[in-house]
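Me: I would like to go through this structure by question and answer. Please set out the terms as they come up.

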Amino acid sequence: MSILEFSRGPMLHFALIVFVFGVLWRLTATFLLGFRQHRSEPRASKGQAAAGGFSVLGMRSWPHKEFIGRTAFGEAVGYGYHIGLFTIVLLGAPHVLFWQNLFGFSAPWWPTLPGGLITFISILTVMLMLIATIRRVGHPVLRRISNFDDYFTLVILYALMLTGLMAVLGLGGRYEYILAAHIISFNALLIWFPFSKLMHAFYIFPSRFFNGYMHAKKGAAK
Amino acid sequence: MSTATQSFTRQDAGPQSADERVEGAMRSFAKEFGALVGMNIESCIHCGMCAEACHFYIATEDAKYTPILKVEPFKKIFRRESGAFAPFFKLFNLKSKITVEELEEWQELMFDSCNQCGRCSLVCPMGIEVADLIEIGRRGMYDAGLAPKELADRARYQAEHGHPEEVDKPYAELLSEIGNAHDVEIPLDKAKADVFVCAPRSDMISNPSAVAAMAKVLNKLKVNYTFASNAIVAENYGHYAGSRELQKTISLRIIDAAKKVGAKTVVVPECGHAYTALRWQAADLVGEALPFKVRHVTEFLAEQLADGKLKLNQVDDEATAFHDPCKIVRKGGVMDAPRELMKAMGVNLKEMANHQGYSFCCGGGGGVNDLERAKPLRYKAQELKLHEIDATGARRFLTSCSDCRVAFEDAREFFNWDKQPESLVELVAANIKE
C-alpha cells in the first residue's frame, strides 16, 4: 500500500470515525449538563426569545457600530480567512470531486470555481492566516490568552494549505507524495478537531442562539 | 497614576487551608455547570474581542484585564473535571489542577477589575456570556474563602442584620427622619399594601432627597405602598461577594416582607444590583417563582405614565446627559423607561457615543465601589466615561442608579469634575403636574 493509498484509505476512515464520534460526544457531553429552569417572570414570550436567539445567531457576525472601530481589523482578517477556507473546500473542483467520492454520490449541479481563482483565493487565505498568526503572537491580549490549542491548530491549517498549494503549483517533489501530505494534513485536522477549538464550528450555533434567547427573554441588549 | 491594586485579601470565614480553598472553588463551580456554562466555556476561540469592549482594558491596555482571561482558572476546572474529555485530560495531566496561588492572583481580576457590566457579552462573536462566567467565578472564589474581605464581611453582616454594617441609628428611624426633613409621608410597616418598596442604603446616608423623591412620587400617584423596618436596604452584598447562601438570605428578607403585606409589586429603587438580584436571580435562588412583580422604579413610573396616571411638567432646556446603569438597562432590560420619562418632561437629552445597551459602566458596579484598593484602577476606567459625558456638551447629568451616583460622585471629587450626578427620579418628583 502506497502512502497515498494509506492516506486516503485506512487513515482517512480512521480520521473520519474520530471526527464524527468525537464531535458528537463533545456536543452531547455539553448538552447532558442540562438546562437550568429560570423562574423569574420573563419580559418576552418563548417565541420572542427564540426570535432574539435567531437574530443573534445571524447578526453577531457583524459587530455593533459601538465596537467596530476597535474590532474591525481583527474581524476582517478572521472572517476573511474563514470565507477563503470555505470557498476552497466547497467550490474547488478537486475538493468537490473528493466529497462526491467520499460520500458516494454524483452532483453535477455542484458549482465549482476555476482552478486559477481557487489558487488565488488560497494564496490570499494563507496571507490572511499569516496576519492572524502575527496578531496572535504580537498583540498583547491575543498572546496572553493563546495556548497550545491555538498554535497547534494553526500548524495543521498551514500544513493543509501549503501542501494543497504545492500540489496545485507542482512544487516540492513528486505529486503523489505532496498530495499524500495534503490528505494526511486533512486527516490530522479531522482527528484534532473534536479535541480542539475547531469545535467552535459547531458550538457557534447553540452558543449564539442561547445568548440571544436569554437576553431577549429579559429584554436585555443583544 | 498607578493602577496596581494590593494583593488579595482573605475573608475571615470559610475554608482556610490551601487544599480546602481549592476544593471549595471546585465544588462551587461544579454546582453551576450546566449546558449554557459548558457552551460558554467550550466556545471560546481566543479572539480577544472581549477586551475591546471592556473599560478596564481600554483604559489601561493591560492584557490581564481581558474579560475571558478573568475566568481562566474556572475554564481549567471545567475542562479537567466536567468537560467531554475530562478523563483523558486527567489521565495525561493535560490540564493541571488549579492552585490556591492562582486563585489568589485572580481575586483582583474577578472583583476589582470587573463590574459584571456585560458589555463584553455583546461583542463576543461566539455569543459567550462572559459576565455570567465571572459571576460563577465569584461564587467559586467566595466558597474558596477568597472573596475580598470588605464584601464578604458586609454580606454576612447584612444577612444577619438586614444592613451591611453597623449604624448609628436604625434605618427605620433614618427613614422617618428623611420623611420629616423633606416633608414627605413615608409609610412604614403597614399591615397590608399593594406595593412594597425598599431604598438604597447609599441614598439613605448620602442622598436622602432621592429616597424622599421616590416616596413623594408614590404618594402623588396614591399608591398603597409601604416600607418594612426589617427590610429597608435594597442592596444585596451577597450578590457582590459571590455567596449564593447570603444572597438568598438577603433576598428572602425582602421577599418575606413583601409577601407578609400581600404586595402585588415590589418597586426596586434606583439601584442596579438590587434590581438584578431581585428581578432576575432571586426566584432561582429560592427555588420558586416570586408571588409578585418586580419593577425598577423608572419602569414603574413609565408604566404609570403610559396609563395616564402620571403627568409631568416640562423642564428647562438645559442640555442633559443620561448614564444607563448596566444592571438596569443593558442586562436588566429596562431599555426605554428612563427615556420615556425624560421625553415626557421634555428633557433636552444629549446622548453619549455609547448609550443605552452599549453604554460604558460607571466603574463602580459589582461591588467595586466598596473596594478601597481598587480605586486607582477604577478612576482610570472612569476617565473614559467622564470624557464621553463631557463630549455631549451637557451641563445636567442624570442617572437612575444610586451605586452609579456614588461612583460618579467619587470621581467628581477625585478629578475635580464639573458635573453633579443627579437622580432621574428626583427630577420626576420635582416635575409632577399638580
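Reply: Helices (H or I, at least four residues) and strands (E, at least two) are DSSP runs, numbered from the N terminus. The model is predicted: local features need pLDDT of at least 70, side-chain atom pairs count only at pLDDT 80 or more, and totals for chains, interfaces and linings use all residues. Residues are numbered from 1 along each chain as its sequence is written, chains are lettered from A and ligands numbered from 1 in the order in which they are written, and side-chain values use heavy atoms, with hydrogens and water left out.

Me: How many helices does the secondary structure of chain A come to?
Reply: Chain A has zero strands. Its pattern along the sequence is α-α-α-α-α-α-α-α-α-α. The count of helices is ten.

Me: What area is buried between chain A and chain B?
Reply: Contact means heavy atoms within 4.5 Å. On that basis 55 residues of chain A touch 63 residues of chain B. Buried area is the accessible area (1.4 Å probe) that two parts lose on being put together, summed over both. Carbon and sulfur atoms give 57% of it, and the total is about 5,100 Å².

Me: Which residue forms a salt bridge with A:Glu41?
Reply: A salt bridge is a side-chain nitrogen of Lys or Arg within 4 Å of a carboxyl oxygen of Asp or Glu. The rule finds four across the interface of chain A and chain B. In the one at A:Glu41, the closest N and O atoms are 3.3 Å apart. The partner is B:Arg295.

Me: Which helix gives the most to the side of chain A that touches chain B?
Reply: Helices α2 (10-31), α4 (65-91), α7 (140-145) and α10 (200-218) of chain A each supply at least two residues of that side. The top contributor gives twelve residues. That helix is α10(A).

Me: In what order do the strands of the sheet with edge strands β6 and β8 of chain B run?
Reply: Two strands pair if DSSP finds at least two bridges between them. Edge strands β6 (348-349) and β8 (421-423) of chain B each pair on one side only. The sheet is open, with parallel pairing, and the order is β6-β5-β7-β8.

Me: At what angle does helix α19 of chain B run to β8(B)?
Reply: Axes are lines fitted to C-alpha atoms, for helices over the stretch in contact, and angles run from 0 to 180 degrees between N-to-C directions. Helix α19 (residues 402-415) lies across β5, β7 and β8 of chain B. Its angle to β8(B) is about 155 degrees.

Me: Which residue in β4(B) is the bridge partner of B:Val268?
Reply: A second open sheet of four strands in chain B has the order β2-β1-β3-β4, with parallel pairing. Its edge strands are β2 (225-226) and β4 (293-296). Strand β3 (residues 265-268) of chain B pairs with β4(B) over four bridges. The partner of B:Val268 is B:His296.
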